[in-house]
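Here is a short report on one protein chain. Look at the model first, then read on.

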Amino acid sequence: MEFDLRRLKAERVAKGLSQEDIANALGITRSWYARKENGQVKLGIEEFTKIIEVLGYDGSDVHIFFKLNVAKREQQ
């Protein structure tokens with residue numbers, strides 16, 4: 001499984017939240033959050049937990065932020 005940063009961004013935008021809104025919730029700067037959302041800096045589990053809370057999701061919804069990585073040869 002791989003964390004899907006594009007889904008994270010899509011959910012943030014769909015909820016009408018800016019990077020600044022998420023950064024404020026995490027207690028970091030917008031530019032530092034942008035680096036995390038763009039994959040330049042790793043996103044910690046505590047940060048991810050806070051982000052899904054801000055987005056209005058609970059623990060049972062976490063799976064939507066991950067994608068299954070299966071090699072093409074193994075998909076058949």
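In which helix does Glu11 lie? Glu11 is part of helix α1, which runs over residues 5–14. This is a predicted model.

## Overall layout

The protein chain has four helices and two strands. In sequence order, the pattern reads β-α-α-α-α-β. The C-alpha trace spans about 45 × 25 × 20 Å along its principal axes. The chain has 76 residues, and 28% of them are buried. Take the contacts between residues at least 6 apart in sequence: 58% of them join residues at least 24 apart.

Setting aside residues up to four places away in sequence, Glu11 touches Leu55, Tyr57, Ile64 and Phe65. The nonpolar core described below includes Leu55, Tyr57, Ile64 and Phe65.

Glu37 belongs to helix α3, residues 30–37. Is Glu37 buried or exposed? Glu37 counts as buried, at 3% relative accessibility. The side chain of Glu37 makes a polar contact with the side chain of Arg12, at 2.8 Å. Arg12 is also among the residues that Glu37 touches, along with Leu5, Lys9 and Gln19, when residues up to four places away in sequence are not counted.

## The nonpolar core

How many residues make up the largest nonpolar core? The answer is twelve: Leu8, Ile22, Ala23, Leu26, Tyr33, Phe48, Ile51, Ile52, Leu55, Tyr57, Ile64 and Phe65. The elements that give two or more residues to this core are α2 and α4, the latter covering 45–55. Helix α4 provides the largest share, four residues.

Leu26 is one of the core residues. Beyond its neighbours within four places in sequence, Leu26 is in contact with Tyr33, Glu47, Lys50 and Ile51.

## Asp21 in helix α2

Asp21 sits in helix α2, residues 19–26. Asp21 is partly exposed, with a relative accessibility of 34%. What does the side chain of Asp21 reach? It reaches the backbone nitrogen of Ser18, at 2.8 Å. Asp21 and Tyr33 are twelve residues apart along the chain, and their C-alpha atoms are separated by 9.9 Å.

## Aromatic pairs

The structure holds five aromatic pairs. Two of them are set out here.

| Pair | Centre to centre | Angle between planes | Geometry |
|---|---|---|---|
| Phe3 and Phe66 | 5.4 Å | 75° | edge-to-face |
| Phe48 and Phe65 | 5.6 Å | 85° | edge-to-face |

Why is the pair of Phe3 and Phe66 edge-to-face? The planes of these rings stand at 75°, and the cut-off for edge-to-face is over 60 degrees, so the pair qualifies.

What does the pair of Phe3 and Phe66 tie together? Phe3 is in strand β1 (residues 2–3) and Phe66 is in strand β2 (residues 66–67), so the pair ties together parts that are 63 residues apart in sequence. Phe3 is partly exposed, with a relative accessible area of 22%. Phe66 is also partly exposed, at 29% relative accessibility.

The pair of Phe48 and Phe65 is edge-to-face too, with 85° between the planes. This pair links distant parts of the chain, 17 residues apart. Phe48 is in helix α4, and Phe65 is in the loop between α4 and β2. Phe48 is buried, with a relative accessible area of 6%. Phe65 counts as buried as well, at 0% relative accessibility.

Which residues form one aromatic cluster? They are Phe3, Phe48, Tyr57, Phe65 and Phe66.

The charged end of Lys15 sits over the ring of Tyr57, 4.8 Å from the ring centre.

Key:
Residues numbered from 1 in each chain as written. Predicted model: local features only at pLDDT ≥ 70, side-chain atom pairs only at ≥ 80, totals over all residues. Heavy atoms only, no water. Buried < 20%, exposed > 50% of the residue type's maximum accessible area, 1.4 Å probe, protein only. Polar contact = N/O pair within 3.5 Å; in protein donor to acceptor, adjacent residues only side chain to side chain. Core = buried A, V, L, I, M, F, W, Y, C linked by side-chain atoms within 4.5 Å. Contact = heavy atoms within 4.5 Å. Phe/Tyr/Trp six-rings, centres within 6.5 Å; stacked < 30°, edge-to-face > 60°. Lys NZ or Arg CZ within 6 Å of the ring centre and 35° of its normal.
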